[in-house]
Amino acid sequence: MDLKQLYQDIILEHGKSPRNLGKCEGYSHEAKGYNPLCGDKVHVYLKLNTEKKVENLTFEGDGCAISLASASIMTELVKGRSINDTKEIMSAFLNMIKNTSEMNSNHLDDDQKTKIMSLSGVKQFPMRVKCATLSWHTLNSAMDEKKEEVNTEVMD
Amino acid sequence: MNIENIKSQFPIFSKKINGKPLVYLDSSNSSQKPMCVINRLNDFYKNEFSNIGRSIHSLAINATNKFEETRISVKNFINANSREEIIFTKNGTEAINLVATTFGQQNIEKGDEIIITELEHHSNYVPWHFLRETRGAIIKFAPINEDGDIIIDKLKELFTSKTKIVAITHLSNVTGTIVPIKEIVEIAHKKNVPVLVDGCQSVPHIKVDVTDLDCDFYAFSAHKVYGPTGVGILYAKKKWLERLPPYIGGGAMISEVKKDKIIYAPLPEKYEAGTMPTAEVITFNESLKFMQSIGKDNLMKHEKEITNYALEKLRKINSIKIIGNPKNKAGVIAFTIKGIHPHDIATILDEDGVAIRAGHHCCQILHQKLNLTATARVSIGVYNTKDDIDILCKAIENCRKIFELK
């Protein structure tokens, strides 16, 4: 295990200054996520336009560097995409974190892949996987218009 | 016994964690086990195993005797009046649940009040919450001040004619506050209200004399007292155990069973249904002998010294904030570092072989009061040394370096 793999510069930088923090105006969907083990919370605000594309995506929350960076990078990568493309990126991300450490998605360019793969080191730290995946599961819940709060102890 | 060399009695410290010597600072969560405890468990299973109380063969007689020897040791260790006042449960949590359930069934009606405090571990809140849900009880929280001390005057104001029980921790697992139990018991008893004490954090670290405290119930666990998991202890005054209904029904807790009537076993068996953690209870006697061989005075002196050293060194680190500053503090130090989340601290420290805990430590009420979601926590055990604290502080400096804090 290597701490430098986990705490890469991109993660530290996003953790310190998360992008798209706050509640966006005119959001159409929202969802809350909660990690009962540590008490961390995230609230995702999603604005879909008439073509069902992500016009805006922001989040509020308190968490560790991993969870803030993951949420921040997520908002950057997903903006402007359709729901289907977003879901495809999400499953590629979850597959990277849990299984392969590789980001297999046709929707991302090399720079975007490099950015999101900065989180791949989390795979080596099983206790921290949920920190990285909470915001993504919460975005999924917002897209699916689920009413219940996402709970890391009952998600996959 | 030389407390400085005590680490050598704990085989886990010869293991490396992530290639580094283990610095274990999570004893409030659970303690490591000395060789005498590990050997006893192994030995019992190897040479002496039998269930207790049922059969009349030699192994059963021996096991039953050994089991009861532990009960006597526990009685002596906390200075209870009789062996009948010592009930074995599966953990400290179950000991509290036993009281909440049986006391609640018999004494709590809709609108009756239970006083707890903002310091409580979830295990001394949730069981009482059940009574709020099932019997309409009202739970009142005695507030703490900024230092993490219970405001006794505010606690006094919570008593009404509806108050039925006070449930309170002896030692906070976040702020390290040692609560003045004797004073609180006096206040409650003047109003004829019984007191349950959650002693899970106190029994391993400070002197506990239930007769002197005069509390009605005292709950703790064996695994924090350098003993095995699977064993909790409830001390209760005999008058309560005689008066309250049984908790779990089954074998061993009955004296006579007929189709239309069941007579329960006398104390303490009335509260010990089914097969108990026989080997673990018997092994726990070794933990108590280990504690006695050190002596509580020596142990307290040692832990105080390490705690003071840790506080002094931690306070020198920039941007660190120690949570609470109680009048009387044990070896539990929760802290935050501005700019680093507690989980990141715990992960980075782990790479240096330093085991701490991060999170809300099962005290969300307290964290909400302090406006925190999580803290990092260092907790001291008998085996910790000043070297451990030096390694801890170096590892924290490493966190600050990774996060580029000034």
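Modeller: Gladly! Before we look at sheets, one term: two strands pair if DSSP finds at least two bridges between them. Please keep in mind that this is a predicted model.

Biologist: Thanks! In what order do the seven strands of the open sheet in chain B stand?

Modeller: This sheet has mixed pairing. Its neighbouring strands are turned by 20 degrees against each other on average, direction ignored. Reading across the seven strands of chain B, the order is β4-β10-β9-β8-β7-β5-β6.

Biologist: Which strands stand at the edges of that sheet?

Modeller: An edge strand here has a single partner strand, so one side of it is left without a neighbour in the sheet. In chain B, that applies to β4 (86-89) and β6 (138-142).

Biologist: Let's start from β4(B): which residue is the bridge partner of B:T89 in β10(B)?

Modeller: β4(B) pairs with strand β10 (residues 232-236) of chain B in the antiparallel sense, over four bridges. Within β10(B), the partner of B:T89 is B:G232.

Biologist: Moving inward in our tour, how many residues of strand β9 of chain B are buried?

Modeller: A residue counts as buried if 20 or more other C-beta atoms lie within 10 Å of its own. In a regular strand the side chains alternate between the two faces of the sheet. For β9(B), B:F217, B:A219 and B:S221 on one side are buried, and so are B:Y218 and B:F220 on the other. Strand β9 (residues 217-221) is therefore largely enclosed by the rest of the structure, and the number of buried residues is five of the five.

Biologist: Which residue of β10(B) stands opposite B:A219?

Modeller: Let's take both partners of β9(B) in turn. Strand β8 (residues 195-198) of chain B runs parallel to β9(B), joined by three bridges, and B:D198 stands opposite B:A219. β9(B) and β10(B) pair in the antiparallel sense over five bridges. There, the residue opposite B:A219 is B:L234.

Biologist: Which residues have the most contacts inside the largest nonpolar core?

Modeller: This core has 108 residues. Domain 1 (3-30 + 295-402) and domain 2 (38-292) of chain B both give residues to the core, so it lies between them. Apart from it lies another core, of 40 residues, among them A:Y7, A:M74, A:M90 and A:A92. Back in the largest core, the residues with the most contacts are B:F217, B:L234 and B:Y235.

Biologist: How many residues of domain 2 of chain B are in contact with domain 1 of chain B?

Modeller: The centres of the two domains are 28 Å apart, taken over C-alpha atoms. On the domain 1 side, α10 (296-315), β14 (332-337), α12 (364-369) and β17 of chain B each supply at least two residues. By class, that side has twelve nonpolar, nine polar and six charged residues. Domain 1 brings 27 residues to the contact, and the number from domain 2 is 28.

Biologist: In β17(B), which residue is the bridge partner of B:R357?

Modeller: Strand β17 belongs to an open sheet of four strands in chain B, with antiparallel pairing and the order β13-β14-β17-β16. The edge strands are β13 (320-322) and β16 (357-359). β16(B) and strand β17 (residues 375-379) pair over three bridges. The partner of B:R357 is B:R377.

Biologist: Now for the two chains: how many residues does chain B bring to the contact with chain A?

Modeller: Chain A gives 15 residues to this contact. By class, they are ten nonpolar, two polar and three charged. From chain B, the number is 16.

Biologist: Finally, is A:N140 buried or exposed?

Modeller: A:N140 is found in helix α6 (residues 129-143) of chain A. The cut-off for a buried residue is 20 or more other C-beta atoms within 10 Å. A:N140 has 22 within that distance, so A:N140 is buried.

Note on methods: Residues are numbered from 1 along each chain as its sequence is written. Chains are lettered from A and ligands numbered from 1 in the order in which they are written. This is a predicted model: local features need pLDDT of at least 70, side-chain atom pairs count only at pLDDT 80 or more; totals for chains, interfaces and linings use all residues. Two residues are in contact if their C-beta atoms, placed from the backbone, lie within 7 Å. Ala, Val, Leu, Ile, Met, Phe, Trp, Tyr, Cys and Pro count as nonpolar, Asp, Glu, Lys and Arg as charged, and the others, Gly among them, as polar. A nonpolar core is a set of buried Ala, Val, Leu, Ile, Met, Phe, Trp, Tyr and Cys residues joined through C-beta atoms within 7 Å. A residue is buried if 20 or more other C-beta atoms lie within 10 Å of its own, exposed if 12 or fewer, and partly exposed in between; C-beta atoms are placed from the backbone. Domain bounds come from an automatic or database domain assignment. Axes are lines fitted to C-alpha atoms, for helices over the stretch in contact, and angles run from 0 to 180 degrees between N-to-C directions.
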